Amino acid sequence: MELVRDGGPGSGFVALSGGTGTIDELFEMVSWNQMGVHSKGVCVLNVDGFWDGVLDWIEKAIEEEFVREKGRPILGNVRDVGDVVGWLRVYDEDRAKERNKKTAGSGKS
């Protein structure tokens, strides 16, 4: 668990094309992010649109209010392997900005 929490900049989880075990692990990492177990980015490497159906389902679940809108940015859609680390770094930077805003707004330093 410490390895998940303490990963370096640009670290996170990337799902490649796969089967039921892969999708299970993918949604476990998304759920853990939502629950605060980790704060790392989670993305799919969406080669040839492999994950398009799952991403469409997530959008439908958000529209129907089964999934909260604020959960949308947790899961990234990356189509080129060269963009994976960059997406994870941006996610990490955005999360740090959110934490800083919360800390500044609470009067804590």
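Predicted model: local features only at pLDDT ≥ 70, side-chain atom pairs only at ≥ 80, totals over all residues.
## Overall architecture

Of the 109 residues of the chain, 28% count as buried. The accessible surface comes to about 7,300 Å², and carbon and sulfur atoms contribute 54% of that area. Among contacts with a separation of 6 or more, 72% are between residues 24 or more positions apart.

The three strands form an open sheet in the order β1-β2-β3, with parallel pairing. Strands β1 (12–15) and β3 (75–78) stand at the edges with a single partner strand each, so one side of each has no neighbour in the sheet. From one strand to the next, the twist averages 25 degrees.

Strand β2, residues 41–45, pairs with β3 in the parallel sense over four bridges. Helix α2, residues 20–35, lies across β1, β2 and β3 and runs at about 150 degrees to β2.

## Aromatic pairs

A pair of aromatic rings is described by the distance of the centres and the angle of the planes. The structure holds three aromatic pairs, and two of them are set out here. In the pair of Phe-27 and Trp-57, the ring centres are 5.9 Å apart and the planes stand at 85 degrees; because an angle over 60 degrees counts as edge-to-face, the pair is placed in that class. Phe-27 belongs to helix α2 and Trp-57 to helix α3 (residues 52–63), so this pair ties together parts that are 30 residues apart in sequence. Phe-27 has 25% relative accessibility and counts as partly exposed, whereas Trp-57, at 51%, counts as exposed.

The rings of Trp-87 and Tyr-91 have their centres 5.4 Å apart and their planes at 20 degrees, so this pair is stacked. Both residues lie in helix α4 (residues 84–106), and because they are four residues apart, about one helical turn separates them. Trp-87 is partly exposed at 22% relative accessibility. Tyr-91, with a relative accessible area of 7%, is buried.

## Helix α4 and the loop between α2 and β2

Asp-92 forms a salt bridge with Lys-40, in which the closest N and O atoms are 3.8 Å apart. This pair links distant parts of the chain, since Asp-92 lies in helix α4 and Lys-40 in the loop between α2 and β2, 52 residues apart. Both Asp-92 and Lys-40 are buried.

Arg-95 is also placed in helix α4. The C-alpha atoms of Arg-95 and Lys-40 are separated by 8.6 Å, although the two residues are 55 residues apart along the chain. Apart from its neighbours within four places in sequence, Arg-95 is in contact with Asn-33 and Ser-39.

## Further salt bridges

The structure holds five salt bridges, including the pair of Asp-92 and Lys-40 described above. Another is formed by Lys-60 with Glu-64, where the closest N and O atoms are 3.2 Å apart. Lys-60 has a relative accessible area of 44% and is partly exposed; Glu-64, at 43% relative accessibility, also counts as partly exposed.

Arg-72 forms a salt bridge with Glu-69, with the closest N and O atoms 2.3 Å apart. Arg-72 counts as partly exposed at 29% relative accessibility, and Glu-69 counts as partly exposed at 47%. Both residues belong to a network of salt bridges that links Glu-59, Glu-69 and Arg-72.

Conventions:
Residues numbered from 1 in each chain as written. Heavy atoms only, no water. Pairing = 2+ DSSP bridges. Helix = DSSP H or I, 4+ residues; strand = E, 2+ residues; numbered from the N terminus. Axes fitted to C-alpha atoms, helices over the stretch in contact; angles between N-to-C directions. Contact = heavy atoms within 4.5 Å. Phe/Tyr/Trp six-rings, centres within 6.5 Å; stacked < 30°, edge-to-face > 60°. Buried < 20%, exposed > 50% of the residue type's maximum accessible area, 1.4 Å probe, protein only. Areas by Shrake-Rupley, 256 points an atom, 1.4 Å probe, with all protein chains shown as cover. Salt bridge = Lys/Arg side-chain N within 4 Å of Asp/Glu carboxyl O.
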